Amino acid sequence: LSHASVELAATSNNAAALANRRGMPSDSAYEIAAQYYWQPGDRMLLSAGFISNEDDTYATGSMLSVGFEYMQLDVGFRDHWFSPMNTSSMLIGTQAQTMPSLTVSNYTPLSRWNFRYELFVAEMSESDRIRFGDGFTSGNPRLAGMHLSVQPLPGFTIGLNRIMQFGGGERGGNSLRQVFDAFFDPSGADNFAAGTDRSTEFGNQAASITARFMMPTERPFSVYFEYAGEDTSTNSNARLGNVSLSAGLHFMRLPGEFELTLEFADWQNAWYTHGIYQDGLVHEGNIIGHWGADYRVVGDAVGARSMMARLGWQPDFGGWLEATWRSLDNEDYTPPEYERADILEVLYSRRWRDFNIGINLTAGNDSFGESFSRLGTFIRF
């Protein structure tokens, strides 16, 4: 048994999607999670995991892993997080439930540049709004993803990330050559030209460039960035369109045993919406990327900005106290009348025998002015 957790909560009637909790709504009265693993040899690991709440039960962490340190194959429900941000990821994170996927990655970095890679293909939940010809088809779109990163200098990491949504229903049956052409040449083989039928476009793509700098000062801190695009621009594979910019600052050890994280994100319209995949980058009802995109009308191509501040403290009386404030402000150029969403989360935890126990309070209002709250207590192993 690698870990187990039980959380019970008192909630308000209004529900909102909790940030990075794999689709769990704020009105869920409980969450139970566990993971077991069995390792029959050096080259194989079998894991069985689940997360259950009042809304659903899913098999996060259940997978078969085979290979060695420089090439590992994972088949099952493995999470993917393509961002240096701690609490948001524009391309893919843990806002939605974990998708079943096939993943190839390296556990140990390669070469003196610490090269890392991760390639996966996953199956998304069923959608009834996939354009095909003059109408629509129903099916499960596929999602392909790629992460590459290097560390050319100590403390400096740069990465490239891509995801592509394709197939589903009558749009399925794509050859491997078609997938590769669209993935590596989106302007030439995927994106539609002006004046042509958009239904002939192959898929829905997004990409990002990330960087992280670790400053080895007496009190170390890191600064990190994510520059992402929902599409290409000016028919060039080197130019990102409908851009997003995220930045973060993390102080690991401030005077008085404090830890501070500050993050900001801003994205233009068209993120998580698409002319073919009209449900967007959604899995089981939640956006697969930034948590803030769940705080808008479904399908509304509106830009937004988010802010996050997290302060952690290790008090003299023991345990860990943490307060997180999140804010989301949608733009006002689309018909829905949005308000600024503000969410405060306070957590206190401490060791008790072989367990970690604590309380967790989440309260705030969503972008429609509806307030919600959740007070939970948990025990984890």
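Visitor: Why is S62 called buried?

Guide: This is a predicted model, and in it S62 has a relative accessibility of 18%.

Visitor: Where does S62 sit, and what is it in contact with?

Guide: You'll find S62 in the loop between β4 (57-58) and β5 (63-68). Setting aside neighbours within four places in sequence, S62 is in contact with S47, A48, G49, V75, G76 and F77.

Visitor: What makes S62 and G49 a polar contact?

Guide: A polar atom of the S62 side chain lies 2.7 Å from the backbone oxygen of G49. The cut-off for such a pair is within 3.5 Å, and 2.7 Å meets that.

Visitor: And V297, why is that one called partly exposed?

Guide: V297 has 36% relative accessibility. Buried would be under 20% and exposed over 50%; 36% falls in between, so V297 counts as partly exposed. Look for V297 in the loop between β18 (286-287) and β19.

Visitor: How do you know which residues V297 is in contact with?

Guide: Contact means heavy atoms within 4.5 Å. Leaving out neighbours within four places in sequence, P336, Y338 and F368 are the contacts of V297. Take P336: V297 and P336 are 39 residues apart in sequence, yet their C-alpha atoms are 7.3 Å apart in space.

Visitor: Now the empty spaces. How does anyone find them?

Guide: Rolling a probe the size of a water molecule over the atoms shows where empty space is left. Here the count is 2 cavities of 30 Å³ or more.

Visitor: What makes a space a cavity, and what is the volume of the largest cavity?

Guide: A 1.4 Å probe fits inside but cannot get out. The largest cavity holds about 80 Å³ of space. Its lining is made up of R78, D79, H80, I92, G93, T94, A96, Q97, T98, M99 and I288.

Visitor: How does the lining of the largest cavity divide by residue type?

Guide: That lining has 4 nonpolar, 5 polar and 2 charged residues. Gly counts as polar, and G93 is one of the lining residues.

Visitor: What about the second largest cavity: what is its volume, and which residues line it?

Guide: The second largest cavity has a volume of about 50 Å³. The residues lining it include T87, E263, W291 and M308. β16 (258-267) and β19 (304-313) each supply at least two residues of that lining. By type, the lining of the second largest cavity splits into 5 nonpolar, 4 polar and 1 charged.

Methods:
Residues numbered from 1 in each chain as written. Predicted model: local features only at pLDDT ≥ 70, side-chain atom pairs only at ≥ 80, totals over all residues. Heavy atoms only, no water. 1 Å grid on protein atoms, 1.4 Å probe; cavity = no way out; pocket = protein on both sides within 12 Å on 5 of 7 lines; lining within 4 Å. Points joined across faces, edges and corners; volume = space filled by probe spheres on them. Helix = DSSP H or I, 4+ residues; strand = E, 2+ residues; numbered from the N terminus. Buried < 20%, exposed > 50% of the residue type's maximum accessible area, 1.4 Å probe, protein only. Polar contact = N/O pair within 3.5 Å; in protein donor to acceptor, adjacent residues only side chain to side chain.
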